[in-house]
Amino acid sequence: MRKYIVLFVSFAFLNLVYSNCSQSGFQSSGSSAAAGSNILTSSSSSGGSSSSGSSSGTSGGSSSSGSSSSGSSSGGNSGGNIVAITVGCGYVNEPCVSVKICVPGTTQCQTISNLLLDTGSAGLRIFSGAITPSLNANFPSVKDTSGRPYGTCAVYGDGSYQWGPIKRADVYLGQNLASNIPIEVIDFTFGDLGASCKSSAGAGGVQDAMAAGFNGILGVQFWKEDCGNYCVSTAGNGIYSACSGSSCTSAVIDINNQLINPVSGLSADNNGLIIQISSVPLAGASNVSGQMILGIGTQTNNKIGSPSVFQADPGTGIINTTYNGKSYKAIIDSGSNAYYFPDSNIPKCSTTSGWYCPSSTQNLSAIIMDSTQVKSQTVSFTVASANTLSASYNTFSDLAGSIPSTMPSGSIGFIWGLPFFTGRSVYVGIEKSSSLIGSQSLTGPYWAY
Amino acid sequence: MKLILLLCVFFSSSAYATLGEHVSQITENEGRFLKVSNKRITQASSAYTVHELTVDGATVKEYADANGVVFAVSWNGMKTPDLSVIFGSYYTEYKVERENIVRVKGVRSVSVRTGSLVVNSGGHMRNLNGFAHIPSLVPAGLDLATLN
């Protein structure tokens, strides 16, 4: 029986999302593509830092815990509530940040660079290989009431997953401290895999930084916790497991032991965040920078402009988007590196590719709506042909790929990925937290831009 | 085995089938989910019916043709339900293909296509979803994008 695979975005031709480390398992059937300098044919898509192994950050063992150097401002703001963003450090359109983690209450710290800044997940997750071993050993484990250490299985939309123990750490975002919060140290040698990682996720384990393209994920999705009440009450949640020796079984977990959006764990500026990334010309750019401002309406630097607010569904985090007259469930996801949406009228780059390759650059628009479809706003965006985008750049505001148009109405059909963030201030309002934008009193989860 | 059958009776008075099976065929599949509740069947059109289940952590919808054969299934929830239950006899070929797929950096969705099955999945944390269908079983003239 002939079998074949198609990704929404074909990996066969896409070294685009494949940074400069080579990987034996990577399909190479695209090597016959004509040599050129576009992002579809380049083997080295970004000039960013290596994503492998140890952190390229500052101290290994002991740096001052009081004054982080990781969050130095790139913009005009001088507040400590700022985390610098660079784009493309590991692969095209990856928003990257550094954070400093410390053994709680000590000055044993390490700055971890090349973390994916992700509005599509909640929690700080770092590959064990990116943490100095002697430091890693000192982070206390999070355990259940029987003293069994917890592991967690984080599953992403593409079915990829990360497994490892939960530890507690002091986490510095800029100069702001999230004290003693649970984080995941991604480590597939810990116990056996948790339930979701064992079964339904299938094969998709991302075991190290080389495979991932980043040293970890700083998940700043508008949830306070990655799972919430579901995992407090449901032993078979599959997301959290308690481990006896190497045997890990799905287990309930207190809300305070779950991975949290580190922003919500700050003592101040904890009601949300604002992501600002510079504008990017249609041809693309490199060395694109930005910043994450912590808090909304709490400081002078996060009382800016008068953005439009779109409430997300408090259960699913979904908003809506109407495109070509059809309504889709939508997400705004900095962890997706392009716009993804269905449009059978825009040619794809090849029969096996999910990238769009229109014959001329397309100026498109879609209508973003809140979860109740009351408030709406038209957003214009541009889609260039992916095979005309130069491989000498690593950031593009006009990169787009397809989502199959056969998805039923309950599925996510429109993803506003990283290009949406360029040239904007995008607000992430954290659930159950109140914030003030102008005179508007708001409660998350919401988006504003 | 007895327990599983009892659970089936307890949680549902009608059948739950997997892809390619007839909806009237009582299987053990419900018992393999942690919890099944809120079963709802709607006649969406003359072409198909929707059998909606709330299983542990997700909503599963099965789409059956006029003869009661399940040609598609979707899911949506906190986590991906046990696909071996939903896919039934198609699970093995799915798993083989899924294991061949190399993750694409920066992409949050994936499509798996076997000789007889197409599976698309995606989403973000707390809302993972997917859709699987068997092209050869889709009723003639039915646009999958119109499924509710």
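This is a predicted model: local features need pLDDT of at least 70, side-chain atom pairs count only at pLDDT 80 or more; totals for chains, interfaces and linings use all residues.
## Chain B on its own

Chain B contains four helices and seven strands, and when these elements are read along the sequence they follow the pattern α-α-β-β-β-β-α-α-β-β-β. Of the 148 residues in chain B, 60% are buried.

Among the contacts in chain B that join residues at least 6 apart in sequence, 41% join residues at least 24 apart.

## The interface between the chains

The size of an interface is often given as the accessible area lost when the parts come together. For chain B and chain A that buried area is about 5,100 Å², and 56% of it lies on carbon and sulfur atoms. In terms of residues, 49 from chain B are in contact with 76 from chain A.

Between chain B and chain A there are 19 residue pairs in polar contact, counting pairs in which both residues have pLDDT 80 or more. On the side of chain B that touches chain A, the elements that give two or more residues are strand 4 (70-77), helix 4 (91-100), strand 5 (110-113), strand 6 (118-124) and strand 7 (127-133) of chain B. The largest share of this side, six residues, comes from helix 4 of chain B. Sorted by class, the side of chain B that touches chain A has 18 nonpolar, 19 polar and twelve charged residues.

## Salt bridges across and within the chains

Over all chains the structure holds nine salt bridges, and four salt bridges are found across the interface of chain B and chain A. B:Arg108 takes part in a salt bridge with A:Asp118, with a distance of 2.7 Å from N to O. This pair crosses between the chains, from strand 3 (residues 109-118) of chain A, which holds A:Asp118, to the loop between helix 4 and strand 5 of chain B, which holds B:Arg108. A:Asp118 counts as buried because its relative accessibility is 0%, and B:Arg108 is likewise buried, with a relative accessible area of 8%. B:Arg108 also forms a salt bridge with A:Asp333, where the closest N and O atoms are 3.0 Å apart.

Within chain A, A:Arg148 and A:Asp144 form a salt bridge whose closest N and O atoms are 2.8 Å apart; A:Arg148 is partly exposed at 26% relative accessible area, whereas A:Asp144 is buried at 13%. The side chains of A:Glu431 and A:Lys432 meet in another salt bridge, at 4.0 Å from N to O. Here A:Glu431 is buried, with a relative accessible area of 4%, while A:Lys432 is exposed at 56% relative accessibility. A network of salt bridges links A:Glu225, A:Glu431, A:Lys432 and B:Arg126.

## Two residues and their surroundings

A:Arg125 is found in strand 4 (residues 122-127) of chain A and is buried, with a relative accessible area of 0%. Its side chain is joined by a polar contact of 2.8 Å to that of A:Glu184, and by a polar contact of 3.2 Å to that of A:Asp226. Leaving aside residues up to four places away in sequence, A:Arg125 touches a set of residues that includes A:Tyr156, A:Asn215, A:Leu259 and, from the other chain, B:Met125.

A:Ser434 lies in strand 22 (residues 434-437) of chain A and is exposed, with a relative accessible area of 52%. Although A:Ser434 and A:Gly272 are 162 residues apart along the chain, their C-alpha atoms are separated by 8.9 Å. Beyond residues up to four places away in sequence, A:Ser434 touches A:Asn271, A:Leu442 and A:Thr443.

## Backbone exceptions

Most residues other than glycine have a negative phi, and most peptide bonds are trans. In chain A, A:Asn180 has a positive phi of about 55° although it is not a glycine; A:Asn180 lies in strand 7 (residues 176-186) and is partly exposed at 32% relative accessibility. A:Asn287 also has a positive phi of about 55°, but A:Asn287 sits in the loop between strand 11 (272-277) and strand 12 (289-294) of chain A and is exposed at 76%.

The peptide bond from A:Gly444 to A:Pro445 is cis, with omega near 5°, and A:Pro445 is found in the loop between strand 23 (440-443) and strand 24 (446-448) of chain A.

Definitions and conventions: Residues are numbered from 1 along each chain as its sequence is written. Chains are lettered from A and ligands numbered from 1 in the order in which they are written. Side-chain values use heavy atoms; hydrogens and water are left out. Contact means heavy atoms within 4.5 Å. Buried area is the accessible area (1.4 Å probe) that two parts lose on being put together, summed over both. A polar contact is a pair of N or O atoms within 3.5 Å; within protein, one must be able to donate a hydrogen and the other to accept it, and residues adjacent in sequence count only if both atoms are side-chain atoms. Ala, Val, Leu, Ile, Met, Phe, Trp, Tyr, Cys and Pro count as nonpolar, Asp, Glu, Lys and Arg as charged, and the others, Gly among them, as polar. Buried means under 20% relative accessible area, exposed over 50%, partly exposed in between (1.4 Å probe, protein chains only).
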